[in-house]
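Hi,

Here is the structure I said I would pass on. Have a look at it first, and then read my notes below.

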Amino acid sequence: MTYFESWTKHSETVENEEEYKAYIAKYYELEKNAYDAILSKYPDNEDLLNGKASELAEKLGFTKENMEIFVGFLEGVGSSLTEEYDYKSVTDDSEVSLKIDYEKLYYNMRDAKAEWLYSLKSWDNVLTAEKREEITKQYRTDNIVHVEKIGRNDPCPCGSGKKYKKCCGKKEQ
């Protein structure tokens with residue numbers, strides 16, 4: 001079984017609730033530490049972003065027993081890279097090269113509602129407070145829910161063909 005298959009099995013299958021919660025908690029802890037290390041060393045963090053998978057994992061705090069969680073980390077950072085990386089086939093000897101778009105990473109952390117990540121103090125090394133606020137505003141703007149009010153004489157959105165007031169609107173009164 002590949003590291004990715006093992007990661008997927010453990011992160012998406014709940015056979016034992018307690019074990020699952022412990023596994024996910026371990027992932028969040030390792031993920032936070034890895035991002036903190038990467039951000040803290042910015043811009044001189046190339047040694048944490050390029051190299052053999054097993055060595056890179058170790059530098060970022062993932063032990064040999066946590067290689068599948070390291071692959072989960074690679075999957076998570078994948079949407080914030082400027083170049084695609086095939087994390088699904090990672091082995092201990094795979095060459096890893098992560099080219100992170102840090103603005104996109106910050107945005108994606110907001111989108112994932114991962115406050116423990118986007119509130120890391122080490123972001124100060126990478127993005128100014130003003131830039132982080134700008135990205136946060138953009139995130140909020142992108143996620144505003146727009147709902148058009150249904151007029152009582154409009155067709156009912158349920159598709160019945162009746163006017164709203166004679167169909168679903170009747171149930172609300």
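Before the pockets, a word on the term: a pocket here is an open set of points on a 1 Å grid where a 1.4 Å probe fits, with protein on both sides within 12 Å along at least five of seven lines. Please also keep in mind that this is a predicted model.

The largest pocket holds about 220 Å³ of space. It is lined by 15 residues, and those closest to its centre are Glu 31, Gly 76, Asn 108, Ala 112 and Leu 117. Four helices each put at least two residues into this lining: H2 (17-41), H5, H6 (102-111) and H7 (115-118). H2 gives the most, with four residues. If you sort the lining by class, you get 10 nonpolar, four polar and one charged residues.

The second largest pocket comes to about 170 Å³. Its lining is made of Lys 9, His 10, Thr 13, Glu 15, Asn 16, Glu 19, Tyr 20 and Tyr 23. Helix H1 (3-12) and H2 are the elements that give two or more residues here, and H2 has the largest share, with three. By class, this lining has two nonpolar, three polar and three charged residues.

Ser 11 is worth a look while you are in that region. This residue sits in helix H1 and counts as buried, because its relative accessibility is 14% and the cut-off for buried is under 20%. Apart from neighbours within four places in sequence, Ser 11 is in contact with Tyr 20, Tyr 23 and Ile 24.

**Salt bridges**

Side chains of opposite charge can pair when their charged atoms come close. The count for this model is eight salt bridges, and here are three of them.

- Asp 124 pairs with Lys 121, with the closest N and O atoms 2.5 Å apart. Asp 124 is partly exposed at 38% relative accessible area, while Lys 121 is exposed at 66%.
- Lys 131 pairs with Glu 134, and there the closest N and O atoms are 3.0 Å apart. The two residues are three apart in helix H8 (residues 129-142), so about one helical turn separates them. Both ends are partly exposed: Lys 131 has a relative accessible area of 21%, and Glu 134 has 47%.
- Glu 55 pairs with Lys 52, the closest N and O atoms being 4.0 Å apart. That value sits at the cut-off, because a salt bridge needs the nitrogen within 4 Å of the carboxyl oxygen. Glu 55 is partly exposed at 45%, and Lys 52 is partly exposed at 27%.

**Ser 94**

At 16% relative accessibility, Ser 94 counts as buried. The side chain of Ser 94 also reaches the backbone nitrogen of Thr 91, at 2.8 Å.

**Backbone points to check**

The peptide bond that joins Tyr 42 and Pro 43 is cis, with omega at about 5°. Pro 43 is placed in the loop between H2 and helix H3 (46-49).

Then there is Lys 113, which has a positive phi of about 60° although it is not a glycine. Lys 113 lies in the loop between H6 and H7. Is the residue buried or exposed? Lys 113 is exposed, because its relative accessible area is 60% and the cut-off for exposed is over 50%.

Cheers

Key:
Residues are numbered from 1 along each chain as its sequence is written. This is a predicted model: local features need pLDDT of at least 70, side-chain atom pairs count only at pLDDT 80 or more; totals for chains, interfaces and linings use all residues. Side-chain values use heavy atoms; hydrogens and water are left out. Buried means under 20% relative accessible area, exposed over 50%, partly exposed in between (1.4 Å probe, protein chains only). A polar contact is a pair of N or O atoms within 3.5 Å; within protein, one must be able to donate a hydrogen and the other to accept it, and residues adjacent in sequence count only if both atoms are side-chain atoms. A salt bridge is a side-chain nitrogen of Lys or Arg within 4 Å of a carboxyl oxygen of Asp or Glu. On a 1 Å grid over the protein atoms alone, a cavity is a set of points where a 1.4 Å probe fits but cannot get out, and a pocket is an open set with protein on both sides within 12 Å along at least five of seven lines; lining residues have an atom within 4 Å of a point. Grid points are joined across faces, edges and corners, and a volume is the space filled by probe spheres set on the points. Ala, Val, Leu, Ile, Met, Phe, Trp, Tyr, Cys and Pro count as nonpolar, Asp, Glu, Lys and Arg as charged, and the others, Gly among them, as polar. Contact means heavy atoms within 4.5 Å.
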